[in-house]
Amino acid sequence: MTNNYDVAFQKSINDPDGFWGEAAENCHWYKRWDKVLDDSKTPFYRWFKGGEINSCYNALDFHIDKGKGEQLALIYDSPVTDTIQTYTFNQLRDQVAKFAGLLASQGVSKGDRVLVYMPMIAESAIAILACARIGAIHSVVFGGFAAKELAVRIDDAKPKVIVSASCGIEVARVIPYKPLLDEAINMSSNKPEKCIVFQRPQEKAEMVSGRDIDWAEGIESASPHECIPLLATDPLYILYTSGTTGTPKGVVRDNGGHVVALKWSMKGVYNVDPGDVYWAASDIGWVVGHSYIIYAPLFQGCTTVLFEGKPVGTPDAGVFWRVISDHKVKTLFTAPTAFRAIKREDPRGNLVKNYDLSNFRSLFLAGERTDPDTLKWAEEMLKVPVIDHWWQTETGWSIAANCMGLYHFKVKEGSPTKPAPGWNLQVVDSSTKPCKPGEIGALVVKLPLPPGSLPTLWNNDEGYQNTYLKEFPGYYKTADAGFIDEDGYVFVMSRTDDIINVAGHRLSTGAMEEILTDHPEVAEAAVLGVDDKLKGQVPVGFLVLNAGVSRDHAEIVKEVIQMVRDRIGPVASFKTATVVQRLPKTRSGKILRGTIQKIANSQEYKTPATIDDPAILGEIKDALIDIGYAGGK
Ligand code: COA
Ligand code: AMP
């Protein structure tokens, strides 16, 4: 059977120039591209070479030019401060233009980096779009990271200016951001010239004279700045994400391909039209926030909701329904963990009944596989299609989805449905030979990747090739394992590296292990992602102490937990560790993480033939039972 999805998918693979060239016609260009897909420097493919574009123009001014200036562009809804503030396209453009003027007055120009370390307030979107307006490359750092992580990003991106706010609000707790920022700047070897700080009424930040500028004061004297034409291939932003070590990878996004792919996805994947209200309940610090709180909905001329709150506790598990009802949200995009949190508080969905959800059409989930329980519960409560879709920071938009604007496939539990147009997804074995339908292998994408995905890593072409392109020549390695079934449905089973997903946040267990072994009394450490009913996975640490350490183990555990919190941040959710005599290893010395993980999750496991001493598995099981895992809860 042929349907719109099959037609679009085939065209995107067989005629990428035709497919994406057509999509690009819906965007604003100062100058048309010379070539849709430039493959002259493989494996570095570039989209819309020679074209000139501005992402901020496409997000704001373009709609104003078409007479939509008085339509709502952004709704800031903050239950934690009891605020709802709306911005029309005109209002948002004016504020963005002024902030762009302020940045320019501080010497920021095309290609300069601006680091944004901010909570979920409208000013964050304003700062981001202002960078795009003048061609400055923004690098947003999630607020839940500690000073050390921020410092690493400052050193890599070398921002001229940092934009921040006095505080974030976590449910009822005020989290001062400025002391963290000052500490990070102290630690880093690349000091920004200026910091622009938005003072929130909940906390007044102390300013460093000569360096720090008060947002409100700065904006007063700033002149609005126009959008400047940029090359389609110029970088729009850098977003750092966890790699396999403590050093994060700077994923680069360009301007042209990003505008085209994201705008296409709004109709193709999410089936939303200009004027619809779209809400991604994520954080601007993550890729979902970049793509679907800020850029894509605005490219499409939708109203986007920027929500400063949590699915539960702000004030209750009905807040998502309240926001959907108040703002007539058509599409919600969040992580399954948010729904698990709501379900835990309101299993019967009593709060859903209090709200008018008549405008609501579909729920999209990503960040981790949607578990069947959550899928069924959400379908039952909301009575709309619940769509699992799979993507990564690197890809910028979904690799696989039920593309609602093309064709609504029957949902198969545990599957994000089919590869989205542009994604030539394959399953291969370790020698890059195709796997049969249903057979698990590495999920890889035949090059070129579609527009919107990363062209490289920041200042690190070699790292890009080594990380993503080397292992399977001709393909992009997603580092996810899975299979495609007889019907072409994709199943994403697990990561093939040490990345874990904790409450939809991507973390590296390798980075945590590096911190644990920094403790003077720890000789060796392993960190694993263990199943968690709410967060999907949580990290659990195993410590082998140096010979002769006689101190209370509980003290040492407390110290390493604090070290991870201080160096990575609260977002790591590293709250459990235990001391063991030794770690199970292969004869060649590799820690058997997979086996420990299975024991912790009370799954069946086989004693690996390569293990050096099988008795250790029993010791590990006992240690896990003591801390509430391996059936010990
Ligand atoms: N600034 C400062 N601290 C932050 C923060 C921020 N922006 N975001 C999270 N934190 C802190 C939290 O306060 C918490 O601190 P604690 O250990 O002192 O309690 C810690 O980091 C862990 O946060 P989180 O994993 O979010 O757990 P939680 O218990 O606060 O909330 C959920 C659990 C499920 C409600 C929450 O994770 C959620 O809403 N997730 C949605 C997922 C999401 O947005 N994913 C993005 C991809 S779509
Ligand atoms: P991030 O870069 O934070 O978006 O995390 C990307 C990783 O999250 C992917 O490589 C997957 O391991 C996982 N992931 C995201 N969405 C899904 C999904 N729908 N199903 C399964 N895994 C997912």
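This is a predicted model: local features need pLDDT of at least 70, side-chain atom pairs count only at pLDDT 80 or more; totals for chains, interfaces and linings use all residues.
## Shell around ligand 1

Around ligand 1 there are 23 residues, of which Glu170, Arg173, Lys535, Arg565 and Lys575 come nearest. By class, the shell holds ten nonpolar, seven polar and six charged residues.

Domain 1 (4-309 + 389-482) and domain 2 (503-626) each supply at least three residues.

## Polar contacts and burial

Both side-chain and backbone atoms of the protein approach ligand 1. From the side chain of His505, a polar atom lies 3.4 Å from an oxygen atom of the ligand. A polar backbone atom of Val571 is 3.5 Å from an oxygen atom of ligand 1. At Gly144, a backbone N or O atom lies 3.5 Å from a nitrogen atom of the ligand.

Ligand 1 taken alone exposes 950 Å², and the protein buries 85% of that area.

Rolling a probe the size of a water molecule over the atoms shows where empty space is left. In this model, three cavities of 30 Å³ or more are counted.

The largest cavity contains about 120 Å³ of space. Its lining is made up of 16 residues, and those closest to the centre of the cavity are Tyr45, Trp47, Leu449, Leu454 and Pro455. Sorted by class, the residues lining the largest cavity are eleven nonpolar, three polar and two charged.

Key
Residues are numbered from 1 along each chain as its sequence is written. Chains are lettered from A and ligands numbered from 1 in the order in which they are written. Side-chain values use heavy atoms; hydrogens and water are left out. A residue is near a molecule or strand if one of its heavy atoms lies within 4 Å of it. A polar contact is a pair of N or O atoms within 3.5 Å; within protein, one must be able to donate a hydrogen and the other to accept it, and residues adjacent in sequence count only if both atoms are side-chain atoms. Accessible areas come from the Shrake-Rupley method with a 1.4 Å probe; for residues, only the protein chains shown count as cover. Ala, Val, Leu, Ile, Met, Phe, Trp, Tyr, Cys and Pro count as nonpolar, Asp, Glu, Lys and Arg as charged, and the others, Gly among them, as polar. Domain bounds come from an automatic or database domain assignment. On a 1 Å grid over the protein atoms alone, a cavity is a set of points where a 1.4 Å probe fits but cannot get out, and a pocket is an open set with protein on both sides within 12 Å along at least five of seven lines; lining residues have an atom within 4 Å of a point. Grid points are joined across faces, edges and corners, and a volume is the space filled by probe spheres set on the points.
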